[in-house]
Each structure stands twice: as structure tokens, then as C-alpha cells.
Amino acid sequence: MNPPRLSIAFLFLLSWLGVFAQTQFAGFRELLGVPFSILPALIAYSALTHGLWTTTALAVVTGLWVDSLSASKLGVSVAPHFLLALLLHLRSHLILRDQRYAQFWIGFGSGAAIHVLVLLLLSAGQREPLTGWATFWQLPLLALMNGVACPAAFILFDALGLAFDYRPVFQSSFRNDRQTVRGRHDRIH
Amino acid sequence: MVLLLALLNLPASVAERLKLVVSGSFLPLFGLRSATHSFLDRASYQLLPRSVLIEELVKARLEISDLQATLLQSQEALGENARLRAALGNPPKGPWNRRFARVIGRDSTTWWRTLRIDLGSRDGIQPNQVVMTAAGLVGRVSQVGLTHSDVALVGDAECGVSVVVRETRDQGIIKAGQASSSEGGYVELSLLQNSPDVMAGQTILTSGLGGVFPSGIPVGVIQDSRAMEGGLFTSARVRLSAALNRLEEVWVLQP
């Protein structure tokens, strides 16, 4: 069954808010040294549950949004998001997407892969990104954040589906056209 | 893939314009954020008891009278400075025109040190204008949109600063480098020559060389120093005066 349009709209809305959230929460950034980042987890969720067009469109738009609020060259974040979305979608039939631990590791891997790829692309450019010993702390933390966010996305969108989608009709084992009459001469109508 | 290659090979000016257009989709959220902050500020004023307000007022009056006395003294020194500069044939230094701006966001990635302020080209902001707080230098305006501007912070690759040690007058450059947020914001200073007199506790000011930053703006305080490259030059760790991670309001210096 195709995912409902509401789910797709909500996915894009959440990504838009996610990009904005990356520029906010100064206290969080000061405490941990990384911005609040859940976008790789959302891309991974989309790749495992939505169609190819939705997933790739989300990856491209999200990459553009991230770059527009950053000093990075426009387009640098698009490639990693797009590649991850495509790879996960093409291999989605091999992934145990309903298992929570699998969702965690997919989110974790997505978070690590996207940030490492972006960093590699930036390093190949003219401006050297700010890296150092703290990078060895930042990358695992970003991966962990997305590892937690991925199962959360599955739970959230499942709840959204239950709240707004048509519920499946419950099939009762009781049949109105059959009844058992108890008495001296038991019979079934 | 074709779209991606086209994006990455766009001319810089087109890419910057496109960036401004795409980031325009976040204007409602930035507006909502500013409105919420203003509302919360006003609400907090309403909740403050009268006695606290009176106490603050008395404190502010004392501070104003103190600053007025300092201003008189400074005006005298400025006048003397202008006369001496005129005698030496140097043009007089103009006063700084400060424009108050609010910080509305930070870089969406971990790899740059930039922030976004709520003033743009319609407010007269132009690239390379200096951004600072009362504590010290913050950076320079790197990109200007209609309603907002991006500021490259001290320590970013886009914001090299020529500096001088106030006590020894040794000159150097603030290099781009990662500053651990938990350490409160440090940057690396490379002095142009070996300077054994440079030591912890000395103050770093902008030198005025380079043409972007006027001289005399406090940048930070030296934490430690060491000789580099077999004693050819000195490198020092500088704690920035302005708390870059906790900035909420800044001044933009305009000509």
C-alpha cells in the first residue's frame, strides 16, 4: 500500500523543522559540541517506508535546506543525503525494518555515513572545515543521536498513521446468521 | 546526479543568491522565534516585582553616571589623539557607529563557526562590517540577505584577524581552528616572530592591519604560549573575550 499523502507531507514538515532546529538550541550545542541533528534518521525512515521519488526528493530538498543555513557550498550536503537514500531504498527488502534494534543501527549508520561523507566533500574543497580532536567526539555523538531518532521516527509515524488513517475493519468470529439454541432438542439454525 | 553536478559548479555569485532564496523558506520560523523571544521578554518584565525593578534602576543610574565620567575623560583623550594625528599628518579616526542586532541562528553544521543576525541589506548592512560585543570582537559580516546576515566568527576560515599583543606590541594572526565549546572558546594565535616576552594573561587587540577590523578591539587573553618550528615563531592559545557560544545580541560597526 502506498503511504498516505499526509505521511509524506508530515515527513517533509518534520525535515523542515529539523533543519531549523539544527541552527537553534545554543545550550545543547554548547553542552555537547554538536547541533541537534535528526535528518539522516528521517531520510533512513523515508527510504525504508516510502517510495523512491518521495525519498530522493526529501534527500535533495533536505540537503539544499541544510546548505542554505550553513557556510558550506550549496549542494555539498545533497550528494550524501541522496546516496544514502538511494542505497537504503534499493536494499530496503533486505533490512529488518520492523525490529527496533535494526532501526537503531540503521539510524546510527546513516548519521555516521552522512556526516563523514559531508566532511570528506568539504575537505576536498577550497575551504578547510574546522576539524580536530573534538571531531572524534562529534561524529559518534551525531551517529548516536540519529540512532535514537530513527526508532522514534518509526513510532511517531506509526502513531500518526493510527490517528489519521482508516483503521482496518475488525472481523468478529461471531456470525449473526448462525445461532445455537440450547434445549431438550439441541439444534443449530 | 546532473542536478548535483550543476549545483556544485554554479558560479559563486549565483550559488549565494540561490542559497538566499532557499533559506528564505525558513523566514517564517525565524520570525516566529523572534516574536516568541520578544513575548517572553515582555512577560518576564511583567512578572518582576517592583522592588527588583527599583533596585535595577538605581544600579543603572549609578552605572550611567560612572560611564559619563569615563566618557568625559575619553573625549579629552580623543581630542588629544586627533590633534596629535593631525600634527603628524595622519587622518583622524572616526567614531564607531554601532547597530544593535539579535542572533537568530547558528550554522546548521558542525564544521564552520558562523551565526546569523536579524539585520540585512535593508538595514544598511554590508559584507565585511565588523561585529562585536561589549566584551570584544565577534567576527565580520560574510553574507548579506535582505532581512538577515551571516557572520563569520573569529576562528573561522573566513575570518582571519591581524592582532597585536597590547603589552609587548608583538604582531600575529588568529588562525582558523576548532574551539572546543566545553572549554569556552579558544583560538590559536601565531605570532610573526619568536617572542619570549609573550606570556599568559596578556591581552590581544586587533592591530588594524588588513583593512577590515579597526585597531584596538579586544580579542582575548593569552592562556599559554610555546615556541614553534625550532624557536622561529611563537604560538599561543587565546581565550576569546566574547563568549561566542552564548551570544544573543551583538553590535555591527558601520562607517
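## Interface between the chains

Two residues are in contact if their C-beta atoms, placed from the backbone, lie within 7 Å. On that criterion, 36 residues of chain A are in contact with 32 residues of chain B. Helix 1 (5–22), helix 2 (26–32), helix 4 (52–68), helix 5 and helix 6 of chain A each give two or more residues to the side of chain A that touches chain B. Helix 4 of chain A supplies the largest share of that side, five residues. Sorted by class, the side of chain A that touches chain B holds 19 nonpolar, eleven polar and six charged residues. Here Ala, Val, Leu, Ile, Met, Phe, Trp, Tyr, Cys and Pro count as nonpolar, Asp, Glu, Lys and Arg as charged, and the others, Gly among them, as polar.

## Model and numbering

The model is predicted: local features need pLDDT of at least 70, side-chain atom pairs count only at pLDDT 80 or more, and totals for chains, interfaces and linings use all residues. Residues are numbered from 1 along each chain as its sequence is written, while chains are lettered from A and ligands numbered from 1 in the order in which they are written.

Helices (H or I, at least four residues) and strands (E, at least two) are DSSP runs, numbered from the N terminus.

## Helices 5 and 6 of chain A

Helix 5 (residues 78–90) of chain A packs against helix 6 (residues 100–123) of chain A at an angle of about 145°, and their axes are 8 Å apart. Axes are lines fitted to C-alpha atoms, for helices over the stretch in contact, and angles run from 0 to 180 degrees between N-to-C directions. Helix 5 of chain A contributes A:Ala79, A:Pro80, A:His81 and A:Leu84 to the contact, and helix 6 of chain A contributes A:Ser110, A:Ala113, A:Ile114, A:Leu117, A:Val118 and A:Leu121. The residues of this contact comprise eight nonpolar, two polar and no charged.

## Overall build of chain B

Chain B contains four helices and twelve strands. Along the principal axes, its C-alpha atoms fill a box of roughly 60 × 55 × 40 Å. Among the contacts in chain B with a separation of 6 or more, 55% come from residues 24 or more positions apart.

## Strand pairing in chain B

Strands pair if DSSP finds at least two bridges between them. Strand 1 (residues 97–106) of chain B runs antiparallel to strand 12 (residues 249–254) of chain B, with six bridges joining them; B:Arg99 stands opposite B:Val252 in strand 12. Strand 1 of chain B is also joined to strand 2 (residues 114–117) of chain B, by three bridges and again antiparallel. B:Arg106 has B:Leu115 of strand 2 as its bridge partner.

Six strands of chain B close into a barrel with antiparallel pairing, in the order 6-7-8-11-10-9. From one strand to the next, the twist averages 40°. Within this order, strand 6 (residues 161–165) of chain B and strand 7 (residues 171–175) of chain B are joined by four bridges, and B:Ser162 stands opposite B:Ile173 in strand 7.

## Positive phi values

A:Phe25, in the loop between helix 1 and helix 2 of chain A, has phi near 55°, a positive value in a residue other than glycine. A:Phe25 is partly exposed, with 14 other C-beta atoms within 10 Å.

B:Arg169 lies in the loop between strand 6 and strand 7 of chain B, and its phi, near 65°, is also positive in a residue other than glycine. B:Arg169 is exposed, with 11 other C-beta atoms within 10 Å.

Key:
Buried ≥ 20, exposed ≤ 12 C-beta atoms within 10 Å, placed from the backbone.
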